[in-house]
Amino acid sequence: MELNAKSSGRHVFFVAGTGLLPILDFIFFLYRKTIYTIAKEKGGADAAKKVNVYNEPFDLVFSTDFTVEIYGSFPSIKECLGFELIKRLCIINSQMKDPTFKAFFKFSNGDKDFDVECLNGRLTQELVENILGKNMPERIYVCGPPQFNEDVPKFAKSNGFPQDKIIQI
């Protein structure tokens, strides 16, 4: 994904359907890092060490301005693999007033969830333009069905986003 320990800035993921699967490990890592950070802030180094069961170097990973946004489209919540993990990460970030992680999903069947922000429509050129325009990301990552993988980069490039910063997963 071209992320490394020194990655910084805003990173935007566009996913559809099973396109979420390749980034679930990354989301789980963010979840563990978030829990570690909270434990360290609230209970100190000993508490943080206890929740870091894999001994991951969380203190050395990502700049303090590193953020992730996921924009996704799925048939339903039930068919959104990893939804509970994403939802819990959204809840934690919201409660801690931490802007590190946000998710915005559209469910074709009309499903909604209070803890994950809803997209009102498809990922159109206008929506991609609005997402990119408010604060240009360091990179965007795209993973979904073939037409989605073709459209989203095209929309981003037409908004002036550089091709070399579009990562197709």
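Reader: How should I read the second largest pocket in this model, and what volume does the second largest pocket have?

Author: Rolling a probe the size of a water molecule over the atoms shows where empty space is left. Here the second largest pocket has a volume of about 240 Å³, and of its 14 lining residues, Cys90, Ile91, Ser94, Asp115 and Glu117 are the closest to its centre. A pocket is an open set of points on a 1 Å grid over the protein atoms alone, where a 1.4 Å probe fits, with protein on both sides within 12 Å along at least five of seven lines, and lining residues have an atom within 4 Å of a point; the volume is the space filled by probe spheres set on points joined across faces, edges and corners. The model is predicted, so local features need pLDDT of at least 70 and side-chain atom pairs pLDDT 80 or more, whereas totals for chains, interfaces and linings use all residues. Residues are numbered from 1 along each chain as its sequence is written, and side-chain values use heavy atoms, without hydrogens or water.

Reader: Which helix gives the most to the lining of the second largest pocket?

Author: That is α2, with 5 residues; α2 (83-95) and β3 (101-107) each supply at least two. Helices (H or I, at least four residues) and strands (E, at least two) are DSSP runs, numbered from the N terminus.

Reader: What space lies in the largest pocket, and which residues lie nearest its centre?

Author: The largest pocket holds about 450 Å³, and among its 21 lining residues Lys33, Thr37, Thr64, Asp98 and Thr100 lie nearest the centre. Helix α1 (residues 24-51) gives the largest share of this lining, 8 residues.
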